[in-house]
Amino acid sequence: MSILKAIEYGSLHMTGALAQAAPQAGRSVMTTVQDMAYLVASILFILGIKRLRSPKTARDGNTIAAAGMALAIVATLLTASVSSLVGMAIAALLGSAIGAVMAARVQMTQMPQMVALFNGFGGIASALVAGGEWASERASAAGQQAAPAVDAAVTHATTSASTSVETQVMIGLSILIGMVAFTGSLVAAGKLNGNISGKPIVLPAQLALNVALLVGSLVGIGLFAALGGPMWALALTVALSAILGVTLTVPIGGADMPVMVSLLNSYSGLAAAATGFIIFNKALIVSGALVGASGLILTVIMCKAMNRSLANVLFAGIGTADSTGAASTTESATGKPVKRADADDTAIILDSAQRVMFVPGYGLAVAQAQHALRELADELTRRGVKVMYGVHPVAGRMPGHMNVLLAEADVPYEQLLDIDQANAEIEQCDVAMVIGANDVVNPATRHDQSSPIFGMPIIDVDKAQTVFVLKRSMAAGYAGVDNELFVADNTLMVFGDAKDTLQKVLAAIKEL
Amino acid sequence: MNEALLISLFVFVLALFVGNELIQKVPQTLHTPLMSGSNAISGITVVGALALVGTGLAQQEGLARWLGLAAIVFAMINVVGGFAVTDRMLRMFRRR
(Lines give C-alpha, C1' and ligand atoms only; values in the text may rest on other atoms or scores of the structure.)
Protein backbone atom coordinates (compact mmCIF):
# COMPACT_ATOMS: atom_id res chain seq x y z
CA MET A 1 0.00 0.00 0.00
CA SER A 2 1.37 3.37 -0.95
CA ILE A 3 1.67 6.19 1.54
CA LEU A 4 -0.85 8.13 -0.46
CA LYS A 5 -3.36 5.32 -0.21
CA ALA A 6 -2.79 5.04 3.50
CA ILE A 7 -3.49 8.72 4.03
CA GLU A 8 -6.54 8.62 1.81
CA TYR A 9 -7.74 5.62 3.73
CA GLY A 10 -7.13 7.34 7.01
CA SER A 11 -8.79 10.61 6.21
CA LEU A 12 -11.77 9.29 4.30
CA HIS A 13 -12.67 5.95 5.73
CA MET A 14 -12.15 6.21 9.44
CA THR A 15 -13.96 9.45 10.04
CA GLY A 16 -14.69 9.43 13.74
CA ALA A 17 -11.91 7.33 15.20
CA LEU A 18 -9.08 8.75 13.25
CA ALA A 19 -10.15 12.32 13.64
CA GLN A 20 -9.08 11.90 17.21
CA ALA A 21 -6.33 9.37 16.77
CA ALA A 22 -4.64 11.22 13.94
CA PRO A 23 -5.26 14.93 14.02
CA GLN A 24 -2.37 15.24 11.58
CA ALA A 25 -4.53 13.81 8.86
CA GLY A 26 -7.25 16.35 9.70
CA ARG A 27 -10.88 16.20 8.79
CA SER A 28 -11.61 17.00 5.23
CA VAL A 29 -14.44 19.40 4.47
CA MET A 30 -16.25 16.52 2.84
CA THR A 31 -16.37 14.38 5.96
CA THR A 32 -17.66 17.33 7.97
CA VAL A 33 -20.40 17.93 5.43
CA GLN A 34 -21.11 14.22 5.59
CA ASP A 35 -21.42 14.18 9.36
CA MET A 36 -23.73 17.20 9.27
CA ALA A 37 -25.89 15.37 6.73
CA TYR A 38 -26.04 12.36 9.05
CA LEU A 39 -27.14 14.64 11.86
CA VAL A 40 -29.92 16.09 9.71
CA ALA A 41 -30.92 12.58 8.62
CA SER A 42 -31.17 11.49 12.26
CA ILE A 43 -33.36 14.49 13.02
CA LEU A 44 -35.59 13.65 10.05
CA PHE A 45 -35.99 10.07 11.30
CA ILE A 46 -37.04 11.35 14.72
CA LEU A 47 -39.47 13.89 13.25
CA GLY A 48 -40.82 11.21 10.94
CA ILE A 49 -41.55 8.80 13.77
CA LYS A 50 -43.02 11.65 15.79
CA ARG A 51 -45.63 12.14 13.09
CA LEU A 52 -46.76 8.54 13.52
CA ARG A 53 -48.74 9.74 16.52
CA SER A 54 -51.80 10.23 14.39
CA PRO A 55 -53.05 8.71 11.14
CA LYS A 56 -53.56 12.29 9.95
CA THR A 57 -49.85 13.09 9.90
CA ALA A 58 -48.39 9.59 9.61
CA ARG A 59 -48.00 9.54 5.84
CA ASP A 60 -46.01 12.78 5.89
CA GLY A 61 -43.91 11.29 8.67
CA ASN A 62 -43.00 8.32 6.51
CA THR A 63 -42.05 10.64 3.67
CA ILE A 64 -39.88 12.73 6.00
CA ALA A 65 -38.06 9.63 7.22
CA ALA A 66 -37.55 8.49 3.62
CA ALA A 67 -36.09 11.91 2.80
CA GLY A 68 -33.69 11.48 5.72
CA MET A 69 -32.58 8.16 4.29
CA ALA A 70 -32.07 9.65 0.83
CA LEU A 71 -29.97 12.43 2.36
CA ALA A 72 -27.82 9.97 4.29
CA ILE A 73 -27.23 7.90 1.17
CA VAL A 74 -26.31 10.88 -1.00
CA ALA A 75 -23.99 12.24 1.70
CA THR A 76 -22.19 8.90 1.89
CA LEU A 77 -21.60 8.92 -1.84
CA LEU A 78 -19.75 12.26 -1.53
CA THR A 79 -16.58 10.50 -0.49
CA ALA A 80 -17.03 7.42 -2.63
CA SER A 81 -14.43 6.77 -5.28
CA VAL A 82 -15.69 7.16 -8.81
CA SER A 83 -14.51 3.67 -9.72
CA SER A 84 -16.77 2.12 -7.09
CA LEU A 85 -19.94 3.90 -8.21
CA VAL A 86 -20.99 1.50 -10.95
CA GLY A 87 -20.92 -1.56 -8.73
CA MET A 88 -22.77 0.25 -5.95
CA ALA A 89 -25.37 1.57 -8.36
CA ILE A 90 -26.07 -1.91 -9.71
CA ALA A 91 -26.38 -3.36 -6.21
CA ALA A 92 -28.60 -0.50 -5.05
CA LEU A 93 -30.87 -0.68 -8.08
CA LEU A 94 -31.21 -4.43 -7.72
CA GLY A 95 -32.19 -4.14 -4.06
CA SER A 96 -34.52 -1.21 -4.74
CA ALA A 97 -36.28 -3.08 -7.53
CA ILE A 98 -36.80 -6.17 -5.38
CA GLY A 99 -38.06 -4.03 -2.49
CA ALA A 100 -40.42 -2.02 -4.67
CA VAL A 101 -41.94 -5.14 -6.24
CA MET A 102 -42.40 -6.80 -2.85
CA ALA A 103 -43.99 -3.68 -1.38
CA ALA A 104 -46.40 -3.33 -4.30
CA ARG A 105 -47.44 -6.97 -4.43
CA VAL A 106 -47.81 -7.95 -0.80
CA GLN A 107 -51.34 -8.45 0.50
CA MET A 108 -52.23 -6.86 3.80
CA THR A 109 -52.85 -10.29 5.35
CA GLN A 110 -49.25 -11.19 4.40
CA MET A 111 -47.78 -8.10 6.03
CA PRO A 112 -46.39 -9.98 9.08
CA GLN A 113 -44.27 -12.32 6.97
CA MET A 114 -42.99 -9.48 4.84
CA VAL A 115 -42.02 -7.38 7.84
CA ALA A 116 -40.34 -10.48 9.28
CA LEU A 117 -38.42 -10.96 6.05
CA PHE A 118 -37.37 -7.31 5.99
CA ASN A 119 -36.18 -7.60 9.60
CA GLY A 120 -34.00 -10.46 8.44
CA PHE A 121 -32.63 -8.51 5.48
CA GLY A 122 -31.73 -5.63 7.79
CA GLY A 123 -29.95 -8.06 10.08
CA ILE A 124 -27.95 -9.78 7.35
CA ALA A 125 -27.02 -6.43 5.79
CA SER A 126 -25.53 -5.26 9.08
CA ALA A 127 -23.70 -8.55 9.56
CA LEU A 128 -22.31 -8.33 6.02
CA VAL A 129 -21.04 -4.79 6.59
CA ALA A 130 -19.38 -5.96 9.81
CA GLY A 131 -17.77 -8.84 7.94
CA GLY A 132 -16.69 -6.46 5.19
CA GLU A 133 -15.07 -4.14 7.73
CA TRP A 134 -13.12 -7.07 9.09
CA ALA A 135 -11.97 -8.10 5.60
CA SER A 136 -11.05 -4.53 4.78
CA GLU A 137 -9.03 -4.10 7.94
CA ARG A 138 -7.28 -7.40 7.43
CA ALA A 139 -6.26 -6.20 3.98
CA SER A 140 -5.16 -2.90 5.45
CA ALA A 141 -2.94 -4.64 8.00
CA ALA A 142 -1.46 -6.83 5.27
CA GLY A 143 -0.84 -3.73 3.18
CA GLN A 144 1.11 -2.09 5.97
CA GLN A 145 3.38 -5.06 6.38
CA ALA A 146 4.15 -4.81 2.70
CA ALA A 147 4.98 -1.11 3.02
CA PRO A 148 6.93 -0.67 6.26
CA ALA A 149 8.09 2.83 5.31
CA VAL A 150 4.67 4.35 5.84
CA ASP A 151 4.66 7.56 7.82
CA ALA A 152 4.60 6.85 11.55
CA ALA A 153 1.51 8.88 12.33
CA VAL A 154 -0.56 7.17 9.68
CA THR A 155 0.71 3.77 10.71
CA HIS A 156 -0.22 4.44 14.26
CA ALA A 157 -3.66 5.67 13.31
CA THR A 158 -4.48 2.79 11.01
CA THR A 159 -3.12 0.20 13.40
CA SER A 160 -5.08 1.52 16.32
CA ALA A 161 -8.23 1.35 14.26
CA SER A 162 -7.69 -1.99 12.60
CA THR A 163 -6.48 -3.91 15.61
CA SER A 164 -8.59 -2.24 18.29
CA VAL A 165 -10.09 -4.86 20.55
CA GLU A 166 -13.25 -2.80 20.97
CA THR A 167 -13.78 -2.64 17.23
CA GLN A 168 -13.32 -6.37 16.92
CA VAL A 169 -15.82 -6.99 19.70
CA MET A 170 -18.30 -4.74 17.91
CA ILE A 171 -17.71 -6.59 14.65
CA GLY A 172 -18.48 -9.82 16.46
CA LEU A 173 -21.59 -8.42 18.17
CA SER A 174 -22.90 -6.95 14.95
CA ILE A 175 -22.52 -10.35 13.28
CA LEU A 176 -24.09 -12.16 16.24
CA ILE A 177 -27.17 -9.93 16.40
CA GLY A 178 -27.43 -9.64 12.63
CA MET A 179 -27.27 -13.38 12.04
CA VAL A 180 -29.81 -14.15 14.79
CA ALA A 181 -32.14 -11.56 13.24
CA PHE A 182 -31.55 -13.06 9.80
CA THR A 183 -32.12 -16.76 10.38
CA GLY A 184 -34.72 -16.11 13.07
CA SER A 185 -36.68 -13.91 10.69
CA LEU A 186 -36.49 -16.46 7.90
CA VAL A 187 -38.02 -19.07 10.23
CA ALA A 188 -40.64 -16.58 11.48
CA ALA A 189 -41.57 -15.59 7.93
CA GLY A 190 -41.76 -19.25 6.94
CA LYS A 191 -44.08 -20.00 9.84
CA LEU A 192 -46.29 -17.00 9.18
CA ASN A 193 -46.45 -17.85 5.50
CA GLY A 194 -47.25 -21.49 6.17
CA ASN A 195 -44.03 -22.86 4.62
CA ILE A 196 -43.09 -24.15 8.05
CA SER A 197 -45.61 -25.61 10.49
CA GLY A 198 -47.03 -22.93 12.76
CA LYS A 199 -46.99 -25.35 15.66
CA PRO A 200 -44.36 -24.77 18.30
CA ILE A 201 -41.58 -27.27 17.79
CA VAL A 202 -40.13 -27.99 21.19
CA LEU A 203 -36.49 -28.95 20.94
CA PRO A 204 -34.82 -31.26 23.45
CA ALA A 205 -33.11 -29.27 26.22
CA GLN A 206 -34.18 -26.16 24.40
CA LEU A 207 -33.08 -23.62 26.97
CA ALA A 208 -29.71 -25.30 27.53
CA LEU A 209 -29.18 -25.52 23.78
CA ASN A 210 -29.90 -21.84 23.26
CA VAL A 211 -27.69 -20.81 26.16
CA ALA A 212 -24.89 -23.02 24.82
CA LEU A 213 -25.19 -21.49 21.35
CA LEU A 214 -25.21 -17.96 22.76
CA VAL A 215 -22.21 -18.64 24.99
CA GLY A 216 -20.43 -20.32 22.08
CA SER A 217 -21.05 -17.28 19.88
CA LEU A 218 -19.74 -14.96 22.59
CA VAL A 219 -16.68 -17.14 23.10
CA GLY A 220 -16.11 -16.92 19.35
CA ILE A 221 -16.21 -13.12 19.61
CA GLY A 222 -13.87 -13.21 22.60
CA LEU A 223 -11.33 -15.36 20.75
CA PHE A 224 -11.70 -13.19 17.67
CA ALA A 225 -10.85 -10.07 19.66
CA ALA A 226 -8.18 -11.67 21.84
CA LEU A 227 -6.27 -13.37 19.05
CA GLY A 228 -6.10 -10.38 16.73
CA GLY A 229 -9.04 -11.20 14.48
CA PRO A 230 -8.55 -14.70 13.05
CA MET A 231 -11.10 -15.74 10.44
CA TRP A 232 -11.95 -19.06 12.05
CA ALA A 233 -13.17 -17.34 15.23
CA LEU A 234 -15.43 -15.10 13.22
CA ALA A 235 -16.68 -18.08 11.20
CA LEU A 236 -17.49 -19.87 14.46
CA THR A 237 -19.58 -16.91 15.59
CA VAL A 238 -21.33 -16.69 12.23
CA ALA A 239 -22.24 -20.39 12.31
CA LEU A 240 -23.35 -20.56 15.95
CA SER A 241 -25.40 -17.35 15.82
CA ALA A 242 -27.09 -18.49 12.60
CA ILE A 243 -28.13 -21.71 14.34
CA LEU A 244 -29.20 -19.74 17.42
CA GLY A 245 -31.61 -17.66 15.33
CA VAL A 246 -33.29 -20.87 14.18
CA THR A 247 -33.44 -22.56 17.58
CA LEU A 248 -34.83 -19.39 19.17
CA THR A 249 -37.67 -19.09 16.67
CA VAL A 250 -38.63 -22.68 15.90
CA PRO A 251 -40.29 -23.23 19.33
CA ILE A 252 -42.53 -20.15 18.95
CA GLY A 253 -46.12 -21.01 18.06
CA GLY A 254 -47.95 -19.26 15.25
CA ALA A 255 -50.15 -17.28 17.62
CA ASP A 256 -47.13 -15.95 19.52
CA MET A 257 -45.54 -14.65 16.37
CA PRO A 258 -46.51 -11.00 17.06
CA VAL A 259 -44.06 -11.11 19.95
CA MET A 260 -41.30 -12.76 17.98
CA VAL A 261 -41.65 -10.45 14.97
CA SER A 262 -41.46 -7.44 17.29
CA LEU A 263 -38.37 -8.85 18.96
CA LEU A 264 -36.68 -9.55 15.63
CA ASN A 265 -37.55 -5.99 14.60
CA SER A 266 -35.64 -4.84 17.63
CA TYR A 267 -32.65 -7.06 16.75
CA SER A 268 -32.44 -5.67 13.23
CA GLY A 269 -32.14 -2.19 14.73
CA LEU A 270 -29.57 -3.23 17.31
CA ALA A 271 -27.51 -4.92 14.58
CA ALA A 272 -27.44 -1.64 12.65
CA ALA A 273 -26.40 0.22 15.81
CA ALA A 274 -23.60 -2.31 16.45
CA THR A 275 -22.39 -1.75 12.89
CA GLY A 276 -22.47 1.97 13.63
CA PHE A 277 -20.08 1.36 16.53
CA ILE A 278 -17.61 -0.35 14.20
CA ILE A 279 -17.32 2.60 11.84
CA PHE A 280 -18.27 5.27 14.39
CA ASN A 281 -21.19 6.34 12.25
CA LYS A 282 -23.69 8.27 14.36
CA ALA A 283 -26.49 7.93 11.81
CA LEU A 284 -26.36 4.16 12.15
CA ILE A 285 -26.17 4.36 15.92
CA VAL A 286 -29.13 6.73 16.28
CA SER A 287 -31.33 4.93 13.76
CA GLY A 288 -30.41 1.55 15.14
CA ALA A 289 -31.26 2.67 18.67
CA LEU A 290 -34.62 4.09 17.53
CA VAL A 291 -35.56 0.84 15.82
CA GLY A 292 -34.22 -1.22 18.69
CA ALA A 293 -36.35 0.73 21.16
CA SER A 294 -39.38 0.50 18.90
CA GLY A 295 -39.17 -3.26 18.55
CA LEU A 296 -38.63 -3.69 22.26
CA ILE A 297 -41.64 -1.54 23.19
CA LEU A 298 -43.88 -3.44 20.80
CA THR A 299 -42.57 -6.70 22.25
CA VAL A 300 -43.53 -5.58 25.75
CA ILE A 301 -46.97 -4.38 24.58
CA MET A 302 -47.65 -7.75 22.94
CA CYS A 303 -46.52 -9.68 26.01
CA LYS A 304 -48.75 -7.57 28.26
CA ALA A 305 -51.69 -8.11 25.93
CA MET A 306 -51.28 -11.84 26.46
CA ASN A 307 -50.44 -11.50 30.14
CA ARG A 308 -47.26 -13.45 29.64
CA SER A 309 -43.64 -12.75 30.32
CA LEU A 310 -41.21 -12.59 27.45
CA ALA A 311 -39.42 -15.61 28.88
CA ASN A 312 -42.69 -17.53 28.88
CA VAL A 313 -43.37 -16.68 25.24
CA LEU A 314 -39.82 -17.52 24.20
CA PHE A 315 -39.37 -20.75 26.07
CA ALA A 316 -42.71 -22.25 27.08
CA GLY A 317 -43.52 -23.69 23.67
CA ILE A 318 -47.21 -22.83 23.81
CA GLY A 319 -49.20 -20.78 21.37
CA THR A 320 -50.24 -23.43 18.90
CA ALA A 321 -51.45 -22.87 15.39
CA ASP A 322 -55.01 -21.65 15.08
CA SER A 323 -57.46 -24.25 16.23
CA THR A 324 -59.58 -25.56 13.42
CA GLY A 325 -61.10 -28.51 15.21
CA ALA A 326 -64.76 -29.09 14.47
CA ALA A 327 -66.83 -29.29 17.63
CA SER A 328 -70.49 -29.45 18.50
CA THR A 329 -72.50 -26.34 17.74
CA THR A 330 -75.26 -27.02 20.20
CA GLU A 331 -73.62 -27.10 23.57
CA SER A 332 -70.39 -26.24 25.29
CA ALA A 333 -68.07 -28.73 26.89
CA THR A 334 -69.65 -27.93 30.25
CA GLY A 335 -73.01 -29.07 28.94
CA LYS A 336 -74.75 -25.73 29.29
CA PRO A 337 -76.87 -25.10 26.19
CA VAL A 338 -75.99 -22.21 23.93
CA LYS A 339 -78.54 -19.79 22.57
CA ARG A 340 -78.50 -19.48 18.84
CA ALA A 341 -79.63 -16.70 16.56
CA ASP A 342 -80.10 -16.65 12.80
CA ALA A 343 -79.46 -13.79 10.41
CA ASP A 344 -82.98 -12.36 10.70
CA ASP A 345 -82.90 -12.20 14.53
CA THR A 346 -79.47 -10.59 14.36
CA ALA A 347 -80.68 -8.01 11.83
CA ILE A 348 -83.65 -6.97 13.96
CA ILE A 349 -81.57 -6.51 17.12
CA LEU A 350 -78.81 -4.64 15.28
CA ASP A 351 -81.30 -2.33 13.61
CA SER A 352 -82.92 -1.40 16.91
CA ALA A 353 -79.58 -0.73 18.59
CA GLN A 354 -78.12 2.74 19.11
CA ARG A 355 -74.53 1.78 19.68
CA VAL A 356 -72.82 -1.27 18.23
CA MET A 357 -69.28 -2.45 18.79
CA PHE A 358 -67.67 -4.97 16.49
CA VAL A 359 -64.85 -6.99 18.01
CA PRO A 360 -62.86 -8.70 15.25
CA GLY A 361 -60.34 -11.47 15.70
CA TYR A 362 -58.03 -13.06 13.21
CA GLY A 363 -60.88 -15.37 12.18
CA LEU A 364 -62.35 -12.32 10.42
CA ALA A 365 -59.29 -12.07 8.19
CA VAL A 366 -59.17 -15.82 7.64
CA ALA A 367 -62.78 -15.67 6.42
CA GLN A 368 -61.89 -12.58 4.29
CA ALA A 369 -64.91 -10.92 5.85
CA GLN A 370 -63.51 -7.40 6.42
CA HIS A 371 -65.37 -5.87 3.48
CA ALA A 372 -68.64 -7.62 4.34
CA LEU A 373 -68.29 -6.28 7.88
CA ARG A 374 -67.68 -2.73 6.71
CA GLU A 375 -70.69 -2.90 4.37
CA LEU A 376 -72.86 -4.00 7.27
CA ALA A 377 -71.42 -1.20 9.40
CA ASP A 378 -72.14 1.35 6.65
CA GLU A 379 -75.77 0.23 6.42
CA LEU A 380 -76.13 0.50 10.20
CA THR A 381 -74.59 3.99 10.14
CA ARG A 382 -77.09 5.00 7.47
CA ARG A 383 -79.82 3.84 9.82
CA GLY A 384 -78.51 6.04 12.61
CA VAL A 385 -76.63 3.42 14.58
CA LYS A 386 -73.29 4.51 16.06
CA VAL A 387 -70.70 1.96 15.00
CA MET A 388 -67.26 1.31 16.48
CA TYR A 389 -64.62 -1.39 16.41
CA GLY A 390 -62.87 -2.72 19.49
CA VAL A 391 -59.45 -4.02 18.47
CA HIS A 392 -57.46 -6.16 20.90
CA PRO A 393 -53.67 -5.79 20.57
CA VAL A 394 -53.27 -9.44 19.58
CA ALA A 395 -56.25 -9.53 17.22
CA GLY A 396 -53.92 -9.84 14.23
CA ARG A 397 -50.66 -11.56 13.48
CA MET A 398 -48.45 -8.58 14.27
CA PRO A 399 -48.89 -5.40 16.31
CA GLY A 400 -51.61 -3.25 14.75
CA HIS A 401 -52.30 -5.79 12.01
CA MET A 402 -56.08 -5.85 12.44
CA ASN A 403 -56.23 -2.06 12.20
CA VAL A 404 -54.49 -2.21 8.82
CA LEU A 405 -56.82 -4.95 7.61
CA LEU A 406 -59.84 -2.86 8.61
CA ALA A 407 -58.34 0.30 7.10
CA GLU A 408 -57.87 -1.63 3.88
CA ALA A 409 -61.59 -2.40 3.96
CA ASP A 410 -62.23 1.36 4.19
CA VAL A 411 -63.14 1.44 7.86
CA PRO A 412 -62.53 5.05 9.02
CA TYR A 413 -59.75 5.14 11.60
CA GLU A 414 -61.82 7.19 14.06
CA GLN A 415 -63.98 4.12 14.59
CA LEU A 416 -61.02 1.93 15.60
CA LEU A 417 -60.77 1.76 19.39
CA ASP A 418 -57.93 0.19 21.32
CA ILE A 419 -58.64 -2.08 24.27
CA ASP A 420 -58.89 0.71 26.87
CA GLN A 421 -61.08 2.91 24.69
CA ALA A 422 -63.27 -0.08 23.84
CA ASN A 423 -63.76 -1.05 27.47
CA ALA A 424 -64.69 2.52 28.34
CA GLU A 425 -67.47 2.37 25.74
CA ILE A 426 -68.66 -1.21 26.04
CA GLU A 427 -71.19 -0.71 28.83
CA GLN A 428 -73.02 1.87 26.75
CA CYS A 429 -73.23 -0.49 23.81
CA ASP A 430 -76.52 -2.17 23.01
CA VAL A 431 -74.78 -4.76 20.93
CA ALA A 432 -71.28 -6.19 20.84
CA MET A 433 -70.57 -8.44 17.88
CA VAL A 434 -67.58 -10.76 18.17
CA ILE A 435 -66.32 -11.99 14.82
CA GLY A 436 -63.69 -14.71 14.68
CA ALA A 437 -62.27 -13.85 18.10
CA ASN A 438 -62.27 -16.08 21.13
CA ASP A 439 -59.70 -15.87 23.92
CA VAL A 440 -59.51 -12.06 23.76
CA VAL A 441 -63.16 -11.83 24.86
CA ASN A 442 -63.24 -14.66 27.41
CA PRO A 443 -64.56 -13.29 30.74
CA ALA A 444 -62.89 -16.18 32.61
CA THR A 445 -59.68 -14.14 32.36
CA ARG A 446 -61.19 -11.81 34.96
CA HIS A 447 -62.21 -14.29 37.65
CA ASP A 448 -61.22 -17.89 36.94
CA GLN A 449 -57.82 -18.31 38.51
CA SER A 450 -57.58 -21.86 37.21
CA SER A 451 -57.84 -20.71 33.61
CA PRO A 452 -54.53 -20.70 31.72
CA ILE A 453 -55.41 -17.29 30.33
CA PHE A 454 -56.41 -15.82 33.71
CA GLY A 455 -55.30 -12.20 34.01
CA MET A 456 -55.05 -11.57 30.28
CA PRO A 457 -56.61 -8.20 29.42
CA ILE A 458 -59.74 -8.67 27.32
CA ILE A 459 -62.41 -6.57 25.69
CA ASP A 460 -65.33 -6.96 28.10
CA VAL A 461 -67.98 -7.67 25.49
CA ASP A 462 -70.10 -9.50 28.07
CA LYS A 463 -70.88 -6.08 29.59
CA ALA A 464 -72.80 -5.02 26.50
CA GLN A 465 -76.59 -5.51 26.49
CA THR A 466 -76.52 -8.23 23.89
CA VAL A 467 -73.52 -10.11 22.53
CA PHE A 468 -73.45 -11.82 19.16
CA VAL A 469 -70.66 -14.28 18.57
CA LEU A 470 -70.05 -15.18 14.95
CA LYS A 471 -68.14 -18.42 14.87
CA ARG A 472 -67.80 -21.58 12.85
CA SER A 473 -68.27 -23.93 15.78
CA MET A 474 -67.83 -24.20 19.54
CA ALA A 475 -64.14 -25.08 19.10
CA ALA A 476 -61.84 -23.60 21.70
CA GLY A 477 -59.47 -20.76 20.93
CA TYR A 478 -55.75 -21.14 20.51
CA ALA A 479 -55.20 -21.37 24.23
CA GLY A 480 -57.45 -24.45 24.17
CA VAL A 481 -59.78 -22.96 26.76
CA ASP A 482 -63.57 -23.12 26.80
CA ASN A 483 -65.20 -19.72 26.57
CA GLU A 484 -67.94 -19.05 29.11
CA LEU A 485 -69.02 -16.06 27.06
CA PHE A 486 -70.64 -18.47 24.58
CA VAL A 487 -73.10 -19.73 27.19
CA ALA A 488 -73.72 -16.39 28.94
CA ASP A 489 -77.34 -15.27 29.30
CA ASN A 490 -76.92 -12.23 27.07
CA THR A 491 -74.98 -14.08 24.35
CA LEU A 492 -76.41 -15.29 21.09
CA MET A 493 -74.28 -17.54 18.89
CA VAL A 494 -74.49 -17.21 15.12
CA PHE A 495 -72.77 -20.20 13.58
CA GLY A 496 -71.33 -20.28 10.09
CA ASP A 497 -68.75 -18.67 7.87
CA ALA A 498 -68.27 -15.07 9.01
CA LYS A 499 -68.43 -13.52 5.55
CA ASP A 500 -71.51 -15.51 4.63
CA THR A 501 -73.23 -14.64 7.91
CA LEU A 502 -72.44 -10.93 7.66
CA GLN A 503 -73.80 -10.81 4.11
CA LYS A 504 -77.01 -12.55 5.18
CA VAL A 505 -77.44 -10.15 8.08
CA LEU A 506 -76.91 -7.19 5.76
CA ALA A 507 -79.49 -8.52 3.32
CA ALA A 508 -81.93 -9.06 6.18
CA ILE A 509 -81.43 -5.52 7.49
CA LYS A 510 -82.05 -4.04 4.06
CA GLU A 511 -85.40 -5.82 3.98
CA LEU A 512 -86.51 -4.35 7.31
CA MET B 1 -12.11 2.34 25.84
CA ASN B 2 -11.21 5.05 23.38
CA GLU B 3 -13.05 8.33 23.27
CA ALA B 4 -14.77 7.78 19.93
CA LEU B 5 -16.34 4.60 21.28
CA LEU B 6 -17.38 6.39 24.45
CA ILE B 7 -19.09 9.16 22.49
CA SER B 8 -20.82 6.54 20.37
CA LEU B 9 -22.07 4.86 23.51
CA PHE B 10 -23.48 8.18 24.77
CA VAL B 11 -25.25 8.74 21.46
CA PHE B 12 -26.63 5.20 21.48
CA VAL B 13 -28.02 5.32 25.00
CA LEU B 14 -29.56 8.77 24.56
CA ALA B 15 -31.12 7.70 21.27
CA LEU B 16 -32.65 4.69 23.04
CA PHE B 17 -34.38 7.07 25.44
CA VAL B 18 -35.56 9.30 22.61
CA GLY B 19 -36.88 6.23 20.81
CA ASN B 20 -38.70 5.11 23.93
CA GLU B 21 -40.40 8.51 24.33
CA LEU B 22 -41.34 8.67 20.67
CA ILE B 23 -42.69 5.20 20.25
CA GLN B 24 -44.74 5.10 23.45
CA LYS B 25 -46.93 7.76 21.85
CA VAL B 26 -47.65 5.85 18.66
CA PRO B 27 -51.23 4.53 18.85
CA GLN B 28 -52.00 0.85 18.35
CA THR B 29 -53.73 1.65 15.05
CA LEU B 30 -50.35 2.58 13.58
CA HIS B 31 -48.23 -0.17 15.07
CA THR B 32 -47.90 -2.12 11.82
CA PRO B 33 -46.84 0.95 9.79
CA LEU B 34 -44.50 1.80 12.68
CA MET B 35 -42.85 -1.59 12.33
CA SER B 36 -42.53 -1.48 8.57
CA GLY B 37 -41.35 2.12 8.70
CA SER B 38 -38.79 1.49 11.43
CA ASN B 39 -37.73 -1.49 9.39
CA ALA B 40 -36.94 0.84 6.54
CA ILE B 41 -35.00 3.07 8.92
CA SER B 42 -32.90 0.11 10.06
CA GLY B 43 -31.88 -0.09 6.40
CA ILE B 44 -29.60 2.84 7.32
CA THR B 45 -26.94 0.17 7.45
CA VAL B 46 -26.77 0.79 3.69
CA VAL B 47 -24.72 3.85 4.63
CA GLY B 48 -22.14 1.56 6.23
CA ALA B 49 -22.19 -0.68 3.16
CA LEU B 50 -21.72 2.26 0.76
CA ALA B 51 -18.86 3.62 2.86
CA LEU B 52 -17.26 0.20 2.86
CA VAL B 53 -17.46 -0.31 -0.89
CA GLY B 54 -16.99 3.30 -1.93
CA THR B 55 -13.99 4.28 0.15
CA GLY B 56 -10.90 2.77 1.64
CA LEU B 57 -9.36 -0.51 0.79
CA ALA B 58 -12.50 -2.38 -0.12
CA GLN B 59 -11.89 -1.26 -3.69
CA GLN B 60 -8.88 -3.53 -3.82
CA GLU B 61 -9.96 -6.17 -1.35
CA GLY B 62 -12.23 -8.57 -3.18
CA LEU B 63 -13.93 -10.13 -0.16
CA ALA B 64 -14.77 -6.83 1.55
CA ARG B 65 -16.13 -5.46 -1.71
CA TRP B 66 -18.41 -8.42 -2.33
CA LEU B 67 -19.68 -8.47 1.25
CA GLY B 68 -20.39 -4.75 0.95
CA LEU B 69 -22.20 -5.11 -2.36
CA ALA B 70 -24.37 -7.91 -0.96
CA ALA B 71 -25.13 -5.70 2.05
CA ILE B 72 -26.21 -2.89 -0.29
CA VAL B 73 -28.68 -5.21 -2.02
CA PHE B 74 -30.24 -6.42 1.23
CA ALA B 75 -30.32 -3.00 2.84
CA MET B 76 -31.89 -1.36 -0.21
CA ILE B 77 -34.63 -4.01 -0.27
CA ASN B 78 -35.30 -2.92 3.30
CA VAL B 79 -35.17 0.81 2.59
CA VAL B 80 -37.24 0.93 -0.59
CA GLY B 81 -39.58 -1.92 0.30
CA GLY B 82 -40.06 -0.63 3.84
CA PHE B 83 -40.87 2.98 3.00
CA ALA B 84 -43.01 1.99 0.00
CA VAL B 85 -45.15 -0.52 1.85
CA THR B 86 -45.55 1.86 4.79
CA ASP B 87 -46.78 4.54 2.44
CA ARG B 88 -49.14 2.04 0.85
CA MET B 89 -50.62 1.19 4.24
CA LEU B 90 -50.86 4.76 5.48
CA ARG B 91 -52.73 5.76 2.32
CA MET B 92 -55.49 3.38 3.41
CA PHE B 93 -56.07 5.10 6.73
CA ARG B 94 -58.82 7.58 5.97
CA ARG B 95 -61.34 9.61 7.86
CA ARG B 96 -65.06 9.12 7.55
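Reader: How many residues does the contact take from chain B and from chain A?

Author: Contact here means heavy atoms within 4.5 Å. By that rule, 85 residues come from chain B and 117 residues from chain A. Keep in mind that this is a predicted model, where local features need pLDDT of at least 70 and side-chain atom pairs count only at pLDDT 80 or more, while totals for chains, interfaces and linings use all residues. Residues are numbered from 1 along each chain as its sequence is written, and side-chain values use heavy atoms, with hydrogens and water left out.

Reader: How many salt bridges are there between chain B and chain A?

Author: Look for a side-chain nitrogen of Lys or Arg within 4 Å of a carboxyl oxygen of Asp or Glu. Between chain B and chain A the count is 3. One salt bridge joins the side chains of D410(A) and R94(B), at 3.7 Å from N to O.

Reader: And which helix of chain B gives the most to the side that touches chain A?

Author: Helices are DSSP runs (H or I, at least four residues), numbered from the N terminus. On the side of chain B that touches chain A, helix 4 of chain B gives the most, with 28 residues.

Reader: Now S42(A): is S42(A) buried or exposed?

Author: Buried means under 20% relative accessible area, exposed over 50%, and partly exposed in between (1.4 Å probe, protein chains only). S42(A) counts as buried because its relative accessibility is 7%. You'll find S42(A) in helix 3 of chain A, residues 29-50. Leaving aside residues up to four places away in sequence, S42(A) touches K282(A), A283(A) and V286(A).

Notes: Chains lettered and ligands numbered in written order. Helix = DSSP H or I, 4+ residues; strand = E, 2+ residues; numbered from the N terminus.
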